[in-house]
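The sequence and structure come first.

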Amino acid sequence: MSQSSQVLLATAGYDHTIRFWQAHSGICTKTVQHPDSQVNALAFTPDLQHIAAAGYQHIRLYDVNSTSSTPVINYDGLSKNVTCLGFDKTGKWMFTGGEDKTAKIWDLRVRNIQCQRIFQMTDSCTCISLHPNQVEMIIGNEGGAIHMWDLRTDHNEQIVTDPGLAVRSISVDPDASYLAVANNAGNCYVWSCLAECQTRRACD
């Protein structure tokens, strides 16, 4: 995002605050209070006007340009910790994952914002990456499984790299050539999406 044409960075954690920083100078430009719980994850909306904060049993959406710490939208009533979240490139919907062993999709265009779709897993959701095609979600969980959820057909494919080792990070490069996954053991796997998903071990 940008304020006055300057790139900013947002951070948050267990101190119940969200801080905005000038990336080039390291100066904290604003602090937003988030008193309800720790912040587990942050994500900017595509238009860079709002930031979503995931916490315990809730999500808060804040106005980036406002001086107020009052959220503009509250998502309450979720179960357990929300561990990850993000937006599609149009900003029409949001995805979340959490300790309730689900990934959820929220339609932001409706007045009464509610969860529209749910993907159920057997372990807590740890991370989600939205494919550049915007219709597939790659979801990691505590049990070491990686799910490819096709939002068009609701079809799901699963890969397990190291059983029992939590998946901690998933990323797809912008042109969708490669998928990278890192887990609790420090192992990183890279799939070539253009070569029938043949795998190679990137590091141990």
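The protein chain contains zero helices and 19 strands. Its radius of gyration is 17 Å, close to the 17 Å that the globule rule gives for 204 residues, so the chain is as compact as a globular protein of that length. The model is a predicted one. Along the principal axes, the C-alpha atoms of the chain fill a box of roughly 50 × 40 × 30 Å.

Of the 204 residues in the protein chain, 45% are buried. The accessible surface of the chain is about 10,400 Å², and carbon and sulfur atoms contribute 48% of that surface. Among the contacts in the chain with a separation of 6 or more, 30% are between residues 24 or more positions apart.

Strand E12 covers residues 125-130 and is mostly covered, with six of its six residues buried. Strand E13 (residues 136-141) runs antiparallel to E12, and five bridges join the two. Five bridges also join E13 to E14, again in an antiparallel arrangement. From E14, five bridges lead on to strand E15 (residues 156-160), and this pair too runs antiparallel.

| Hairpin | Residues between the strands | Residue with positive phi | Phi |
|---|---|---|---|
| E12 and E13 | five residues | Gln134 | about 70° |
| E13 and E14 | three residues | Gly144 | near 95° |
| E14 and E15 | five residues | Asp154 | near 70° |

Some residue pairings show how the strands line up. Gly140 in E13 stands opposite Cys127, and the bridge partner of Gly140 in E14 is Ile146. Further on, Ala145 stands opposite Val160 in E15.

Is strand E14 enclosed or open? Six of the six residues of E14 (residues 145-150) are buried, so the strand is largely enclosed by the rest of the structure. In a regular strand, side chains alternate between the two faces of the sheet. In E14, Ala145, His147 and Trp149 point one way, while Ile146, Met148 and Asp150 point the other way, and all are buried.

The loop between E12 and E13 holds His131. With a relative accessibility of 15%, His131 counts as buried, the cut-off being under 20%. Not counting residues up to four places away in sequence, His131 touches Glu136, Ile138, Val172 and Ala176.

Thr96 is part of strand E9 (residues 93-98), and its relative accessibility of 2% makes it buried. Leaving aside neighbours within four places in sequence, Thr96 is in contact with Ile59, Val82, Cys84, Leu85, Thr102, Ala103, Lys104, Trp106 and Ile128. The C-alpha atom of Thr96 is separated by 28 Å from that of Thr29, a residue 67 residues apart from Thr96 along the chain.

Asn74 is found in strand E8. Asn74 has a relative accessible area of 42% and is partly exposed.

**Aromatic side chains**

How many aromatic pairs are there? The count comes to four aromatic pairs. One of them is formed by Tyr75 and Trp106, which is edge-to-face, at 5.5 Å centre to centre and with 75° between the planes. Which parts of the chain does this pair tie together? Tyr75 lies in strand E8 (residues 73-87) and Trp106 in strand E10 (residues 102-107), so the pair links parts that are 31 residues apart in sequence. Both Tyr75 and Trp106 are buried.

Tyr189 and Trp191 make up a further pair, with ring centres 6.1 Å apart and planes at 35°, so this pair is tilted. Tyr189 and Trp191 are both buried.

A charge is also placed over a ring: the charged end of Lys30 sits over the ring of Phe20, 4.8 Å from the centre of that ring.

How values were computed: Residues numbered from 1 in each chain as written. Predicted model: local features only at pLDDT ≥ 70, side-chain atom pairs only at ≥ 80, totals over all residues. Heavy atoms only, no water. Phe/Tyr/Trp six-rings, centres within 6.5 Å; stacked < 30°, edge-to-face > 60°. Helix = DSSP H or I, 4+ residues; strand = E, 2+ residues; numbered from the N terminus. Buried < 20%, exposed > 50% of the residue type's maximum accessible area, 1.4 Å probe, protein only. Lys NZ or Arg CZ within 6 Å of the ring centre and 35° of its normal. Rg over C-alpha atoms; globule rule 2.2 N^0.38 Å. Contact = heavy atoms within 4.5 Å. Areas by Shrake-Rupley, 256 points an atom, 1.4 Å probe, with all protein chains shown as cover. Pairing = 2+ DSSP bridges.
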